[in-house]
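New notebook page. I'm going through this structure bit by bit and jotting down what I look up.

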Amino acid sequence: MSEFLIRNAYVIDPLSGIKGEIMDIAIRNGRIAEEVGSNAEVIDADHCLTLPGGIDSHSHVCGTKVNFGRYMSPEDMRAGRTARKGVMHVTSGYSVPTTFGNSYRYSVMGYTTVLEGAMAPLEARHTHEEFTATPHQDMLANTLFDGNWSIMEAVREKDMKRAAAVVAWTLSAVKGFAIKLTNPGGTEAWGWGEDVHSIQDQVPHFGVTPAEIIQTMIRANELLNLPHSVHLHCNALGVPGNYRTTLDTIDLVPDLNDKRQSLYLTHLQFHSYGGSTWKDISSKSEDIARAVNNKPAVAIDMGQIMFGRTTTMTADGPMEFKLYMLHHNKWSNHDVELETGSGIIPVYYSRKSLVNCVMWAIGIELALLVKDPWRCMLSTDNPNGAPFVKYPEIIALLMSRRFRENEIALLDPRTAHYVPLPAIDRELDWYDIAVMTRAGQAKALGITGIGKGYLAPGAEADIAIYPLKPESLDPSAEYQQVMAGFGKTRYTIKRGRVVARDGDVVVEGANSTIWTRSTVPPGYDLSVDPEFMKKFEQYYTIRMSNYPVQDVYLPRGICIPTEASL
Amino acid sequence: MKFLLNTGRTIRQGSYVERKNSVAYQEEATSLCMNPVDMMNLEVEEGSQVRVESDQESVIMKVHPALWITQGEVFVCLGPYANHLVKPETHGSGMPDFKGTMVTITPTSEPLVTVADLMERCGGVRYED
Amino acid sequence: MKIDDVVCPFCGCLCDDLVVEVEGTRVVSVENGCTLANEKFMGDHRLKTPIHREGKGWKETTYDEAIRETAEILCDADRPLLYGWSGTHGEAQSIGIHLAEILGALVDNTSTVCHGPSILAIQEVGHPGCTLGQVKNRADVVIYWGTNPIDAHPRHMSRYTTFADGFFLKEAFRDRKLIVVDVRKSESANIADEFVRIQPGGDYAVLSALRAIVQGKRGIIPPSVAGVSREQLFRVADLLLSAKFGAIFFGLGLTMSRGKSKNIRNAIELTEELNRHTKFIISPMRGHWNVYGSNEVFTWITGYPYAVDFARGIAFYNPGETTSVDVLSRKECDACLVVASDPGAHFPKACAEHLARIPTVQIDPHVNATTHLSRIQIPVAVTGIDAEGTAYRMDGVPIRTRMLFRGTYPSDTAVLEQLYAIVKEIKGP
C-alpha cells in the first residue's frame with residue numbers, strides 16, 4: 001500500500017478536460033486515486049506545471065538498426081558519455097544513446113512511455129531485449145509490414161481479411177503493438193536496389209502499388225480493432241516535390257474510426273517539400289496543413305530537424321542510400337528477408353545549407369498551421385531529425401515568436417523566399433503543448449484504455465512535474481526558461497514511484513512492454529495455413545517454431561486483447 | 001627454409017574443440033601442410049617431425065603434403081601450437097599477425113609435445129582428468 | 001525423445017533446423033547437423049566439478065567456494081580483464097558487462113582476435129548488409145573472400161548460398177555463380193566457378209583494382225595484381241557488374257592478413273561502389289554462434305562492440321589499447337576471468353604466459369588449453385543443450401537456443417549472478 005500525495009500542482013490534463021487548475025493528486029499502488037490517507041508521502045508541487053507523463057509516439061531507440069547506429073559510430077558514443085552515479089549505469093551516445101542513456105534522458109525530461117518507431121518482426125527479439133534495458137519507460141513497438149511478402153500477396157489478391165490475418169498472427173507472435181508501413185513497396189523494391197517513386201508505382205514482381213498496400217492495411221487494421229491506426233512513413237521521403245505524394249496519400253484515407261484517426265502520418269516535415277530539385281526545394285507546409293485540417297481521419301507528427309549532428313536511421317533503405325550518395329559519409333544497410341529493410345547514415349544539419357534551413361522551418365510550420373494540436377504531435381523522428389533531448393527547444397520555438405525570429409535571423413538569408421514561417425504569428429500555449437507531447441499521443445495510440453495519458457482516478461500514476469510556473473511565466477518572452485524547464489523535471493513519477501528528481505534517476509526501473517493480440521476466427525488462424533507455413537519452410541531462414549518472441553522476453557508484458565471482425 | 005605461416009580453421013580442429021587435451025586434437029593442431037616440392041627440397045617425408053621457428057619461439061610439428069598450398073607457404077590449423085609462434089604485436093589494431101608470421105622450418109627428430117606441455121612452458125600447471 | 005527445430009550453438013550459421021534425440025541427460029542422435037554439430041551435441045567430455053589449484057596440483061572444490069574465491073580475486077585486482085563471452089547466451093553476457101562496470105574492469109570478447117578489424121572498418125565506412133534469407137532468395141553471384149565455409153561454416157552453402165534454392169532462384173546450384181578468393185585452393189575453392197588465387201597480403205591491392213575497374217578505369221590495371229592476372233580481374237569485375245544481386249562474404253583471410261581492417265574497409269567500399277550499378281551486400285562470416293550477440297549486448301549497454309574499459313568510470317573504447325591481446329602482452333592486467341572461450345589456445349604465447357602469471361579463472365564446461373593456465377575452473381551447462389538463452393546469428397537475426405533437458409550444471413547466468421552479488425557485497429554501495 002504505497003501512497004503519495006502531490007499538493008498544489010498546476011495541472012493540465014487535456015483528456016480529463018483540466019486546462020490549468022491548482023489541484024492535489026492522490027496516488028495509491030501505482031494509480032491515481034480519489035484520496036489517500038494521512039500517512040501518504042507528500043510532494044509539494046508549489047504551483048509547478050504538472051502533466052501526465054510524456055508519451056513519445058515515434059522514436060528510434062531499440063532494435064537492430066538502432067544498435068547498428070551505435071556500434072558504427074564510436075564518435076557519437078564518445079560525444080555523450082556519463083559515468084556511473086548512484087543507481088545509474090554508465091551511458092554513452094549523443095544522437096544514438098545506449099539503452100540506459102535513452103532511458104535516463106527521457107526520464108529526466110518527464111517521459112514515461114515510448115513507441116519504438118520500427119521493429120522488423122524477424123528481429124523482434126532484439127527489440128524486446130533492448131526494451132528491457134530501457135527500464136524507465138513502458139515500451140511499444142511499431143511492427144513493420146511494408147515489404148511483407150504475405151501481405152503483398154494478400155493485397156494482390158484483394159483479400160483484406162487475409163491481410164488482417166497475417167497482421168494478427170505476426171503482432172501476436174512478435175509481441176508488436178501496431179502496423180507500421182515505411183515506404184510501402186519501396187523496401188521490397190530495394191531488395192533489388194530499386195525504389196518506388198509514387199503511390200501508383202508497381203512493386204517489382206509482386207505487382208501491387210503502395211496505394212493498394214496502404215488502403216488494404218488501413219482496412220485490415222480496423223477489422224482487427226487495434227488500438228492504434230496504421231502508422232505510415234510515406235513514400236518519397238526527402239525528395240523535392242514529394243508533397244504531391246503526401247497529398248495523394250492523404251486523399252486515400254477513409255474515416256473508419258470514431259475514437260481516433262484512421263491513418264497516422266509520421267515525421268511529415270520530410271514529406272512536405274515543393275520544388276523539383278535541391279536547388280529550388282521549398283516548403284509546402286501550407287498545402288499539407290490544409291489537407292490535414294480538412295481531414296479529421298488523419299493525424300500527424302512533426303519530424304522536426306534541429307541543426308547539428310545526428311544519425312538518420314529508418315527502415316527506408318533506398319532513401320538512406322540516396323542520402324549516402326549525397327553526403328559521402330559512412331553508410332549501413334540491413335534488408336530483412338520477406339519483410340522490410342533499413343539504412344543508417346550520420347548527418348549534419350547546417351544553417352549554412354539552404355535546404356536544411358527550409359527543412360527546419362517546415363517542421364515548425366506544420367505545428368503552427370495544423371489547427372488542432374490533437375492531430376499534430378511533437379516529434380523529431382528521433383534521432384533522424386534531432387536527438388529527443390532537443391524537444392524542449394522545439395517547445396520553446398512553438399511557444400515564442402520572438403525565439404523563432406531570433407533563430408530565423410541566423411538562417412541562410414534566402415530561406416524566407418522558400419518558406420512561410422516568418423509570417424506566422426501563432427504561439428502555442430501550455431495546453432497545446434500538453435496535448436502535443438502526451439494527451440494527443442495517448443489518444444492517437446489508443447492507450448487511454450490502459451490508463452495512459454491522463455490523471456483521473458484509475459489512470460496509471462505517470463506524472464511529470466516541471467520547474468515552470470504557468471501562472472507567472474510568459475512563455476513567449478521567457479523562452480529560455482521554458483527550454484530549461486521542459487528539459488529537467490523536478491519529479492518524474494512512474495507507476496506511483498519517483499523515478500527521477502532534478503536531473504537524476506533515483507531507482508532501478510521495472511518497465512512493461514505493451515503489445516496487442518487480436519483474436520481471429522479459426523478459419524483465419526495462419527499457424528495452420530499451408531501457404532503461410534511454406535514461407536518458413538522455403539523462404540525464411542528461420543523455422544516457424546523459432547520465430548515467435550517467447551514470453552520470457554516480456555517479464556512484465558501488458559497485452560491489449562482485441563476481437564477481430566473477420 | 002623460410003616460409004609464411006598461414007593459420008585457419010579446419011573441420012577436424014573444430015570437431016575437437018571440446019577435447020583440446022586429446023591425442024586427436026594434438027594430431028590435428030600439429031599438422032603442418034606444405035607443398036610437396038618444398039617437402040622434397042627440405043628432405044622431409046609425410047608425417048615426419050619438423051621444427052618450426054619464429055623470432056623467439058619454436059614448436060615441433062608433423063609435416064603433410066598438400067597440393068593446394070603454394071610453395072613458400074605453410075598452413076596449420078589455428079590453435080596453441082601455431083599461436084606459440086605468433087608475436088603479440090598488433091600494430092595498434094588489437095589483432096596479431098595470425099596470417100603473417102614468417103617461420104624457419106628444419107627437419108628434426110624431436111617428439112611432439114602435448115597441449116599441457118605447451119601451457120606449462122607458458123607457466124601454467126597441467127590439469128589431467 | 002525427439003526434439004525438432006533445435007538451434008545449434010557452434011558456428012555463426014546458427015542453424016535452427018536440427019532434430020535431436022534425447023535420452024535422459026544425453027543427446028544420442030542428431031539429424032540435419034554437420035560434423036561440428038554432431039560433436040557438440042553428442043560429445044561427453046565435460047569437467048565434472050569445479051576445480052582449483054593447490055600448489056602444483058589440482059583439487060576439486062564446490063561452486064560456492066569457487067565463486068567466492070573468484071569474487072575475491074576480482075575485487076583484489078587493480079585492473080581485471082573479463083574476456084570471452086562468445087560461447088554463452090546474451091543474458092549471461094549482460095551480467096558480465098554489469099560486473100565489469102562495478103569492478104571498473106576491462107571487458108572484451110573474441111571479436112578482438114577474429115572480426116575486430118571488420119568492426120573497425122565498419123566504424124569507418126559502414127556496413128551495407130542484409131539477413132541471410134535475402135541472399136538465399138535473390139543472390140545470383142556469391143563471393144567468399146578469405147573464408148573457407150566448407151571447413152568453418154559447413155552448412156553455410158546449403159542453407160544460405162550455393163545449394164540453397166530461393167524464391168527468385170529455383171535452382172540455386174545452376175543459377176548462382178560462386179567466386180572464391182583465397183591464398184590457397186581450399187575445399188571451397190574446389191567447387192567455385194571462378195577461383196582467384198591471391199598472394200598473401202595482396203587482398204588490398206586486388207580490391208583496389210576491382211574498384212578501379214568498376215569505376216570504369218580498366219586502362220590503369222597492370223598485367224597482374226598480387227598474383228592475379230588482369231584478364232581474371234576483368235572477368236571477375238564483369239561478373240560482379242552483371243549480377244542482379246551480389247553477396248560478398250568474407251572471413252579471417254581479410255581480418256588477419258596484412259592490412260587487417262583496411263582490407264575490409266576496401267571490400268566494403270567496393271560493395272558501396274557496386275551499389276551504384278546493381279544490388280550488392282557484404283557480410284562477415286562470424287565464427288562463434290554468439291560472438292555477434294556479444295557485440296550487440298556490449299553495444300546497447302556500453303556503446304561499443306568490444307574492448308571496453310571501465311577503469312575511468314565511463315565506458316572507454318580504444319582498440320590497440322583496450323584490446324585483450326595488447327593488455328595481456330603489456331602485462332597490464334592483474335587478474336582475468338575467462339568465460340566461454342579459450343585464449344590459451346587462440347592468443348599468442350606471450351598472452352598465455354601472462355594468463356599463467358596472474359590469477360586467471362575460467363567459467364567453461366570443458367577442459368581446454370586455458371585450464372592449464374587458470375587457478376580455478378567452474379564448469380557450467382552448455383547453452384543450447386542444458387541451458388537456454390538468446391543468440392545472434394552472423395547476420396544479426398536473434399534466435400533463442402533451447403534447453404533440451406535439465407542437467408545438474410548451473411548455467412553461465414546462474415554462476416555470474418551469484419558472482420555479481422558477492423562482488424557487489426564486497427564492493428559496498
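How many of the ten residues of helix H3 (residues 99-108) of chain A are buried? I checked, keeping in mind that this is a predicted model. Ten of the ten are buried, so helix H3 of chain A is largely enclosed by the rest of the structure. I wrote down some names too: among the buried residues of H3(A) are A:Thr99, A:Phe100, A:Asn102, A:Tyr104, A:Arg105 and A:Val108. Just past the end of H3(A), I noticed that A:Gly110 has a positive phi of about 90°.

**Cores**

Next I looked up the largest nonpolar core, and it has 152 residues. A:Trp360, A:Leu398 and A:Phe486 have the most contacts inside it. The element that gives the most to this core is helix H12 (residues 354-369) of chain A, with twelve residues.

I then picked A:Leu398 and asked what it touches, leaving out residues up to four places away in sequence. Its contacts include A:Met302, A:Ile364, A:Ala367, A:Leu368 and A:Leu378.

**Chain B**

Chain B was my next stop, and I counted five helices and six strands there. From the N terminus on, I read the order as β-α-α-β-α-β-β-β-α-β-α. Is it compact or stretched out for its length? The radius of gyration of chain B is 14 Å, close to the 14 Å from the globule rule for 129 residues, so chain B is as compact as a globular protein of that length. Its C-alpha trace spans about 40 × 35 × 25 Å along the principal axes.

I also noted that 54% of the 129 residues in chain B are buried. Of the chain B contacts with a separation of 6 or more, 74% join residues 24 or more positions apart. Chain B exposes about 5,300 Å², and carbon and sulfur atoms supply 49% of that.

**A surface patch**

Last, I went to the surface of chain C. Which residues form a nonpolar patch there? They are C:Phe163, C:Phe173 and C:Ile191, with about 300 Å² of accessible area together. I located C:Ile191 in the loop between helix H9 (187-190) and strand E11 (194-197) of chain C. C:Ile191 has a relative accessible area of 35%, so I put it down as partly exposed.

Note on methods
Residues are numbered from 1 along each chain as its sequence is written. Chains are lettered from A and ligands numbered from 1 in the order in which they are written. This is a predicted model: local features need pLDDT of at least 70, side-chain atom pairs count only at pLDDT 80 or more; totals for chains, interfaces and linings use all residues. Side-chain values use heavy atoms; hydrogens and water are left out. Patches are made of residues with over 30% relative accessible area and no salt bridge: like charges are joined within 9 Å, nonpolar side chains (Val, Leu, Ile, Met, Phe, Trp, Tyr) within 5 Å. Accessible areas come from the Shrake-Rupley method with a 1.4 Å probe; for residues, only the protein chains shown count as cover. A salt bridge is a side-chain nitrogen of Lys or Arg within 4 Å of a carboxyl oxygen of Asp or Glu. Helices (H or I, at least four residues) and strands (E, at least two) are DSSP runs, numbered from the N terminus. Buried means under 20% relative accessible area, exposed over 50%, partly exposed in between (1.4 Å probe, protein chains only). A nonpolar core is a set of buried Ala, Val, Leu, Ile, Met, Phe, Trp, Tyr and Cys residues joined through side-chain atoms within 4.5 Å. Contact means heavy atoms within 4.5 Å. The radius of gyration is taken over C-alpha atoms; the globule rule is 2.2 Å times the number of residues to the power 0.38.
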